[in-house]
Amino acid sequence: KSSAAEVQDILNSVYFEVYDLPTNLAGTPRELAEKINRELKLLDLEIQKSRIELEQIKVLNENSIQAMWCNLSILGRVKELEKDIAGTARVYLIHGWIPAAREKEYLTMVQQITVDSAITITEEATRFYQTHPRRGTIPTLLKNFKLFQPFEAIVEMYGRPGYHEYDPTLVFGVSFLLMFGMMFGDMGQGLVLFLSGLLLWFKMPFSFRPVAQLLCTTALSSMFFGLLYGECFGFEIMHPLWLSPMENTMAFLMFAVGFGIALMTIGLGISVYNFIRNRDWGNLLFSKTGVAGIWFYWGTILLFVLL
């Protein structure tokens, strides 16, 4: 007690907080600790029992819970849409785009939901754009083989092609696989990539499948070119079926240059095709990606070759 003030100052300097013990405690600290531990064990058992009951409810009512969740999600989206939909107390005017191949399916579904009380009017996209040029752009639905669908995400990083433009996914996918294989041609490393893609496909959630598919296709390209180079994990284990990049450096570089020129020409050709489809005659003739651009590009290449 004689040092209480000094002790209190020291305790305050380390953020000491006073904790008042309950007045109804009885027994020694050890007895109280044992009693509290027993109560904690009982509470743990209650928690485990509640978790088991919750799991039983989940299993027994899984389908109905999922259905309710889906309905709530859809209703939430409907409520968000209603804020921007023109209409009155009883009538809504809804406008949107649907794939032409699914037109009949959509119209049948609308009539079923509205009990044949909806009036539907459809118009072909190109004709609509000609009659309503200020209504914005027509959305594009990309259609590609399943093998090349993962490349759509990479194409969209540069911008989704317009409705009247050529979809470059196929050209991009083929050139991407060829370039990847030429740069990383190795049977062993390609096999590791392929196994990694399979692991993602079977062990990860469904959303990882495009990445897994991309890994597998690029791995197959790497293994194919590794076979052409005769390389496995950086070592030449067999005679090259095509050429060895390290021993035929100049030939390989010339092939790479020719491949690049071909890609550039294909890209310019796609650009010309897009200008024709959009009837953009000015850019077709004078744009750097039109006829003038091709003339200048190939003129420079031919001049370089001749000189």
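Colleague: Which backbone oxygen lies 2.9 Å from a polar atom of the side chain of Ser271?
Modeller: That is the backbone oxygen of Thr289, and please keep in mind throughout that this is a predicted model.

Colleague: And where does Ser271 sit, and is it buried or exposed?
Modeller: Ser271 belongs to helix H10, which covers residues 249–277, and Ser271 counts as buried because its relative accessible area is 14%, under the 20% cut-off.

Colleague: How far apart are Ile266 and Val171, in sequence and in space?
Modeller: They are separated by 95 residues in sequence, while their C-alpha atoms are 8.6 Å apart in space.

Colleague: Changing topic, how do the axes of H7 and H9 cross?
Modeller: The axis of helix H7, residues 169–183, and that of helix H9, residues 209–229, come within 8 Å and cross at roughly 50°, so H7 is oblique to H9. The crossing of these two helices is right-handed.

Colleague: Which residues meet there?
Modeller: From H7, Phe176, Leu177, Leu178, Phe180, Gly181 and Met182 take part, and they meet Thr217, Thr218, Ser221, Ser222, Phe225 and Tyr229 from H9.

Colleague: How many of the residues in that contact are nonpolar, polar or charged?
Modeller: The contact of H7 with H9 has 7 nonpolar residues and 5 polar ones, with no charged residues.

Definitions and conventions: Residues numbered from 1 in each chain as written. Predicted model: local features only at pLDDT ≥ 70, side-chain atom pairs only at ≥ 80, totals over all residues. Heavy atoms only, no water. Axes fitted to C-alpha atoms, helices over the stretch in contact; angles between N-to-C directions. Helix = DSSP H or I, 4+ residues; strand = E, 2+ residues; numbered from the N terminus. Parallel < 35°, antiparallel > 145°, perpendicular 65-115°, else oblique. Left-handed = near helix turned anticlockwise from the far one by under 90°. Contact = heavy atoms within 4.5 Å. Nonpolar A, V, L, I, M, F, W, Y, C, P; charged D, E, K, R; others polar. Buried < 20%, exposed > 50% of the residue type's maximum accessible area, 1.4 Å probe, protein only. Polar contact = N/O pair within 3.5 Å; in protein donor to acceptor, adjacent residues only side chain to side chain.
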